[in-house]
Amino acid sequence: MTQQTFTSYEEFWPYYVAMHAKAATRWIHLAGTLTGLALSTYGLVSGRKRYLAGLPVIGYGTAWPAHFLIEKNNPATFGHPAWSLRGDAQMIRMMLAGRDDELAETAAKWLAENA
């Protein structure tokens, strides 16, 4: 899939979700982000600064391979880093709220319209 151009986050959001069309990719993102966040929080609370790297290292270290191996696409972070970070947070909030089916529907709709 070629690099996409967007003028707003709202326009970017369905594309971001479509790049996470498979549930396994979304759940790997969730696990990596929450694990990295927990480790970074531990580092902050305990004063062990090296653990602050947990969020980017574990978060991206699990998410990016999921794109290459499961989705067979490039992470949206490569072209849209700020919006991708915001999208990841929104996607994870929705998953934690039990709205993963809504994400799957958004992804399917975008892919059908842009295939």
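A charge sits over a ring if NZ of Lys or CZ of Arg is within 6 Å of the ring centre and within 35 degrees of the ring normal. Here is a case: the charged end of Arg 86 sits over the ring of Tyr 9, at 3.8 Å from its centre.

A word on the model. It is predicted, with local features needing pLDDT of at least 70 and side-chain atom pairs pLDDT 80 or more, while totals for chains, interfaces and linings use all residues. Residues are numbered from 1 along each chain as its sequence is written, and side-chain values use heavy atoms, without hydrogens and water.

Now the rings. There are 13 aromatic pairs in the structure. Rings of Phe, Tyr and Trp (its six-membered ring) pair if their centres lie within 6.5 Å; planes under 30 degrees apart are stacked, over 60 edge-to-face, the rest tilted.

Take Phe 12 and Tyr 15. Their ring centres are 5.8 Å apart and their planes meet at 55 degrees, so this pair is tilted. Both residues belong to helix H1, residues 9-18, three residues apart, about one turn of the helix. Helices are DSSP runs (H or I, at least four residues), numbered from the N terminus.

Buried or exposed? Phe 12 is buried, at 0% relative accessibility. Tyr 15 is buried too, at 6%. Buried means under 20% relative accessible area, exposed over 50%, partly exposed in between (1.4 Å probe, protein chains only).

Phe 12 also pairs with Trp 83, again tilted: 5.6 Å between centres, 40 degrees between planes. That pair links distant parts of the chain, since Trp 83 lies in helix H4 (residues 81-96), 71 residues from Phe 12. Trp 83 is partly exposed, at 26%.

Finally, the cluster. Ring pairs join Phe 12, Tyr 15 and Trp 83 with others, including Tyr 9 and Trp 110.

Key
Helices (H or I, at least four residues) and strands (E, at least two) are DSSP runs, numbered from the N terminus.
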